[in-house]
Amino acid sequence: MITAHPPLLRELVERCETLRRRLAGDNSAQTARRLEDSAYTLCVITATRQLDTALFVARHQIAEAMRQEQPLRH
C-alpha cells in the first residue's frame with residue numbers, strides 16, 4: 001500500500017486538530033473553511049471519507065513508519 005510521507009501526515013493531523021479546537025472556540029467561517037480543506041486533503045491521502053477515520057489511519061501510518069525506522073534491539 002502506498003502511504004504519504006510521515007512528516008506530511010503529521011503536519012495535516014496537527015493542522016486538523018488545531019483547526020477543530022479553534023473552530024470550537026470561534027466558530028468562524030474562515031476557520032471552518034480551512035478545516036474543511038485540510039480534512040479533505042487528509043481524507044484523500046489516506047483514502048478515507050471522514051475526518052475521524054482519516055485521523056485514525058494517518059496516526060497508524062505515522063506509527064508504522066516510526067517502527068520501521070527503529071530496528072528492534074535484542
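These are my notebook entries on a predicted model of one protein chain.

**Entry 1: overall layout**

I began with the secondary structure and found three helices and zero strands in the chain. Reading along the sequence, I recorded the pattern α-α-α. I then looked up the extent of the C-alpha trace, which spans about 50 × 20 × 15 Å along its principal axes. The chain has 74 residues, of which 30% count as buried. I also looked up how far apart in sequence the contacting residues lie. Among contacts with a separation of 6 or more, 51% come from residues 24 or more positions apart.

**Entry 2: helix 1 against helix 2**

I noted that two packed helices are described by the angle between their axes and the distance between the axes. For helix 1 and helix 2, I read an angle of about 150° and axes 9 Å apart. Angles over 145 degrees count as roughly antiparallel, and helix 1 and helix 2 are therefore roughly antiparallel to each other. Their crossing is left-handed.

I listed the residues that meet here. Helix 1 contributes Leu8, Leu9, Leu12, Val13, Arg15, Cys16, Leu19, Arg20, Arg22, Leu23 and Asp26. From helix 2 come Thr31, Ala32, Arg34, Leu35, Ser38, Ala39, Thr41, Leu42, Ile45 and Thr46. Sorted by class, this contact has twelve nonpolar, four polar and five charged residues.

**Entry 3: Ser38**

From that list I picked out Ser38, which lies in helix 2. Is Ser38 buried or exposed? Its relative accessibility is 5%, so Ser38 counts as buried. With its neighbours within four places in sequence left aside, I found Ser38 in contact with Leu12, Arg15, Cys16 and Leu19.

**Entry 4: helix 2 against helix 3**

I next turned to helix 2 and helix 3, whose axes come within 9 Å and cross at roughly 55°. Helix 2 and helix 3 are therefore oblique to each other. I recorded the crossing of helix 2 past helix 3 as left-handed. On the helix 2 side, the contact is made by Leu35, Ala39, Leu42, Cys43 and Thr46. On the helix 3 side, Leu51, Ala54, Leu55, Val57 and Ala58 take part.

**Entry 5: the nonpolar core**

I then asked which residues touch the most other members of the largest nonpolar core. They are Leu9, Val13, Cys16, Leu42, Leu51 and Leu55, in a core of 15 residues. Helix 1 (6-26), helix 2 (29-46) and helix 3 (51-69) are the elements that give two or more residues to this core. As background, I noted that nonpolar side chains tend to be buried together in soluble globular proteins.

I followed Val13 further. Apart from its neighbours within four places in sequence, Val13 is in contact with Leu42, Leu55, Ala58, Arg59 and Ile62. Of these partners, Leu42 belongs to the helix 2 side of the contact with helix 3, while Leu55 and Ala58 belong to the helix 3 side.

**Entry 6: His5**

Last, I looked up His5, found in the segment before helix 1. Its relative accessible area is 57%, over the 50% cut-off, so His5 is exposed. I also checked His5 against His60, which is 55 residues away along the chain. The C-alpha atoms of His5 and His60 are separated by 13 Å.

Key:
Residues are numbered from 1 along each chain as its sequence is written. This is a predicted model: local features need pLDDT of at least 70, side-chain atom pairs count only at pLDDT 80 or more; totals for chains, interfaces and linings use all residues. Side-chain values use heavy atoms; hydrogens and water are left out. A nonpolar core is a set of buried Ala, Val, Leu, Ile, Met, Phe, Trp, Tyr and Cys residues joined through side-chain atoms within 4.5 Å. Buried means under 20% relative accessible area, exposed over 50%, partly exposed in between (1.4 Å probe, protein chains only). Helices (H or I, at least four residues) and strands (E, at least two) are DSSP runs, numbered from the N terminus. Contact means heavy atoms within 4.5 Å. Axes are lines fitted to C-alpha atoms, for helices over the stretch in contact, and angles run from 0 to 180 degrees between N-to-C directions. Angles under 35 degrees count as roughly parallel, over 145 as roughly antiparallel, 65 to 115 as roughly perpendicular and the rest as oblique. A crossing is left-handed if the near helix is turned anticlockwise from the far one by less than a right angle, and right-handed if clockwise. Ala, Val, Leu, Ile, Met, Phe, Trp, Tyr, Cys and Pro count as nonpolar, Asp, Glu, Lys and Arg as charged, and the others, Gly among them, as polar.
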